[in-house]
Amino acid sequence: MSTTTMNDSKYAIETRAMNIYYGAFRAVKDVTFSIERNKITALIGPSGCGKSTVLRSFNRMNDLIPGARTEGEVLYHGQNLYDPDVDAVQVRRQIGMVFQKPNPFPKSIYDNIAYGPRINGWKGTRAEMDELVERALVGAALWDEVKDKLNQSGLSLSGGQQQRLCIARAIAVQPEVILMDEPCSALDPISTLKIEELMLELRQRYTIVIVTHNMQQAARVSDYTAFFLMDKEDRAGELVEYDVTSKVFQNPADKRTEEYVSGRFG
Amino acid sequence: MADQAQAKAEQGAALAVSIPQTIDLRKRPRIGESIIQTVLFICGFISIFTTIGIVYVLFQESLSFFADPAVTLFEFFTGTVWQPRIGEFGILPLLNATLVISSIAMLVAVPLGLGMAIYLSEYASERARAILKPVIELLAGIPTVVYGYFALTFVTPILRGIFGNDVVSVYNMLSAGMVVGVLITPIIATLSEDALSAVPGSLRQASFGLGSTRWETAIKVVVPAALSGIFAGGIVAMSRAVGETMVVALAAGASPNLTWNPFEPAETMTGHIARISGGDLSYGSIDYRSIFAIGLVLFFITLALNIASRRIVRRFREVYD
Ligand SMILES: Nc1ncnc2c1ncn2[C@@H]1O[C@H](COP(=O)(O)OP(=O)(O)OP(=O)(O)O)[C@@H](O)[C@H]1O
Ligand SMILES: [Mg+2]
């Protein structure tokens, strides 16, 4: 990745006229918005409107899907992530991701966390790695529950714990932005609450973008909300409304937004 | 509104009428079903019966071999000379040749097969996969006698050219081992590819999401997650190498020879059985019976390998539960 100076821009990620295609099908059209730093931005909208597609475009995970193509710009520190000289691997080290279904590696809890730093060429002592693992687990509010069993498999944890392990794994590489695609949809209400509290804490150090189908969750945790909807004509998702969360939920500008957030839609 | 309700009620009544008054739940004979069941049972039974028959004959003839005063069990397993003509029945030279050749084969097949598997499951495009997989399967379908001549007339001359005619014999274990390796590569490739493809895509995504390259993802996440399946495939390939006969009979030589030197000729257990049973042996002679004892040892080796691979596969299943 070509080097960019860390600017003090208010925004972590800005998209400009972004279109995303799967083969010939345009899944997302003409999305332009900016995601503020150290805030939680929620992407909401009915199924199939392109939320995951937009989210994956922020760290070039769409590259892994054969036939997927992104047009327009996604700016990160003023650098277009889709410039030909940008390395997707480097992008993902800056912009991490947490998935819908918890997906810990079938390795020990410790090795799950250590994986990211290790592939990033981490060269420290064992003691330093121990410290890094602890910090990541503390950061993901999981330390107390697993500190005595770091050598057990990550798969031995409960679903909610696994998801926090995945968050810990993501923050262990010290990204700037964390993308979360429905991180609580496979979890019970208590685990969901824990992850929500965790997100509010993480906001101090990271920029978080979350996709959610849970309106209350978006209202509870996010600072900004982007509402997407599928255009009935060409079935492409578009950004209908983007504003401060309280505005989107209490006084939306678009009638379709109001219908959706009040549950009369989708 | 009232009209609508009435229409609905009428519809309901019409539906009710169409249901037959009595419902017949009695058993009815299904002759086709029971014939099929019987045929399938016979198929299963025949395969079990064949196996039992083979094992029975192996044991039977081996017992009478060991009952002969000229051989003892101890000599059989510790003797370093196999010379039936002078009454020497030490299996070590044959066992050793089998192990040397199988090891060479595994040294060739594991990297090659695993490399193919990783390429197919982690790198290849749909199109490349669609072309390569049938080619690999084709490789597995070539008759082994062709591999044998390939070893003797192609690989051996090359080896002799490289290392010198005085170093490498015309019949040698290296050539046979390498070609057996090529022969079992498709087994390792297909079984490993199955194991790698069974690793959930979510693990790859997790790895890529942390900034791993394709190679890091393959080597540090996918292969470890598939390791037991890969191991099991390796064991299946190993037992195939141990049992391989045609290549070693053609290329490894026809004299029992206790040596580690891969450039020398040495006859394997299978090669010896093939040669002896091809010759004119009088039924019931001690030579004749000796090959059953060798067969029994082979049987136990492959049985042990099979049990090992089953154990490993069972562990492998647990990982994703
Ligand atoms: N891998 C893919 N290949 C082809 N088309 C895809 C792929 N992934 C998504 N799409 C299509 O792109 C559109 C947007 O999908 P996307 O998964 O982004 O929606 P979403 O808003 O995340 O939906 P959900 O809420 O159900 O997760 C859909 O029409 C979908 O069919
Ligand atoms: Mg989605």
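Analyst: The shell around ligand 1 is made up of five nonpolar, six polar and three charged residues, and it should be kept in mind throughout that the model is a predicted one. There are 14 residues around the ligand, and those that come nearest are Ser47(A), Lys51(A), Ser52(A), Thr53(A) and His213(A). Helix α1(A) gives the most to this shell, contributing four residues.

The polar contacts can be taken one by one. The side chain of Ser52(A) places an N or O atom 2.6 Å from an oxygen atom of ligand 1, and a polar side-chain atom of His213(A) likewise lies 2.6 Å from an oxygen atom of the ligand. Gly48(A) takes part through its backbone, with an N or O atom 2.9 Å from an oxygen atom of ligand 1. As for how far the ligand is covered, it exposes 630 Å² when taken alone, and the protein buries 65% of that area. The elements of chain A that give two or more residues to the shell are β2, spanning 25-36, and α1, spanning 51-57.

Turning to the salt bridges, a search of the whole structure finds 27 of them over all chains. One set forms a network, in which Arg26(A), Lys29(A), Asp231(A) and Asp234(A) are linked.

Within helix α4 of chain A, which covers residues 126-139, Asp130(A) and Arg126(A) lie four residues apart, about one turn of the helix. Their side chains meet in a salt bridge with an N to O distance of 3.6 Å. Asp130(A) counts as partly exposed, because its relative accessibility is 34%, whereas Arg126(A), at 55%, counts as exposed.

Since Glu145(A) belongs to helix α5 (residues 143-146) and Arg164(A) to helix α6 (residues 159-171), both of chain A, the pair ties together parts that are 19 residues apart in sequence. The two partners fall into separate accessibility classes: Glu145(A) has a relative accessible area of 31% and is therefore partly exposed, while Arg164(A), with 3%, is buried.

In chain B, the side chains of Glu267(B) and Arg275(B) meet in a salt bridge with an N to O distance of 2.7 Å.

The remaining part to describe is a strand pair in chain A. Strand β9 (residues 224-230) and strand β10 (residues 237-244) run antiparallel and are joined by seven bridges. Leu229(A) has Glu238(A) in β10(A) as its bridge partner. The hairpin formed by β9(A) and β10(A) has six residues between the strands, and in this hairpin Arg235(A) takes a positive phi near 60°. As a general point, the side chains of a regular strand alternate between the two faces of the sheet.

Terms used: Residues are numbered from 1 along each chain as its sequence is written. Chains are lettered from A and ligands numbered from 1 in the order in which they are written. This is a predicted model: local features need pLDDT of at least 70, side-chain atom pairs count only at pLDDT 80 or more; totals for chains, interfaces and linings use all residues. Side-chain values use heavy atoms; hydrogens and water are left out. A residue is near a molecule or strand if one of its heavy atoms lies within 4 Å of it. A polar contact is a pair of N or O atoms within 3.5 Å; within protein, one must be able to donate a hydrogen and the other to accept it, and residues adjacent in sequence count only if both atoms are side-chain atoms. Accessible areas come from the Shrake-Rupley method with a 1.4 Å probe; for residues, only the protein chains shown count as cover. Ala, Val, Leu, Ile, Met, Phe, Trp, Tyr, Cys and Pro count as nonpolar, Asp, Glu, Lys and Arg as charged, and the others, Gly among them, as polar. Two strands pair if DSSP finds at least two bridges between them. A salt bridge is a side-chain nitrogen of Lys or Arg within 4 Å of a carboxyl oxygen of Asp or Glu. Buried means under 20% relative accessible area, exposed over 50%, partly exposed in between (1.4 Å probe, protein chains only).
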